[in-house]
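Reader: I would like to learn how to read a sheet from a model, beginning with the way its strands pair. Could you take me through it step by step?

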Amino acid sequence: MRCTVDAGRVNFTVEDNGPGVPDYALPRVFERFYSLPRPGSDKKSTGLGLALVREIAHLHGGDAMLENRQTGGARAVFWMPGEDARS
């Protein structure tokens with residue numbers, strides 16, 4: 001996990017080296033109850049985790065995004081306004 005301050009916002013970034021997210025699923029991963037089978041099994045989660053993350057970000061004036069990395073894996077970024085951006 002990495003935390004940076006840039007252009008008046010605080011960014012929290014998490015990257016992994018896993019299989020990434022299928023391209024067809026990227027536009028839907030923040031939808032409530034949308035869930036993909038976990039790698040190595042057919043089990044699914046509730047599909048609420050990323051929806052909650054985005055809702056919390058929005059309530060604080062920020063947002064969240066998820067993308068596949070060019071080198072493999074995924075990158076999730078959650079950001080909120082920094083102190084200087086709220087004044």
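Author: Strands of a sheet pair through backbone hydrogen bonds, in either the parallel or the antiparallel sense. In this predicted model, strand 3 and strand 4 (residues 74-81) pair in the antiparallel sense, and six bridges join them.

Reader: Which residue in strand 4 is the bridge partner of L66?

Author: The bridge partner of L66 in strand 4 is A76, while E67 stands opposite R75 of that strand. Between the two strands of this hairpin there are five residues, and G72 takes a positive phi near 105°.

Reader: What is the order of the strands in the open sheet?

Author: The sheet has four strands in the order 1-2-4-3, with antiparallel pairing. Strand 1 (2-6) and strand 3 (63-68) are the edge strands, since each of them pairs on one side only. On average, neighbouring strands of this sheet are turned by 20° against each other, with direction ignored.

Reader: Which strands does helix 1 lie across?

Author: Helix 1, which covers residues 49-59, lies across strand 3 and strand 4, and runs at about 140° to strand 3.

Reader: Is T13 buried or exposed?

Author: A residue counts as buried when its relative accessible area is under 20%. T13, which lies in strand 2 (residues 9-15), has a value of 8% and is therefore buried. Leaving aside residues up to four places away in sequence, T13 touches M1, R2, R75, A76 and V77.

Methods
Residues numbered from 1 in each chain as written. Predicted model: local features only at pLDDT ≥ 70, side-chain atom pairs only at ≥ 80, totals over all residues. Heavy atoms only, no water. Buried < 20%, exposed > 50% of the residue type's maximum accessible area, 1.4 Å probe, protein only. Contact = heavy atoms within 4.5 Å. Pairing = 2+ DSSP bridges. Axes fitted to C-alpha atoms, helices over the stretch in contact; angles between N-to-C directions.
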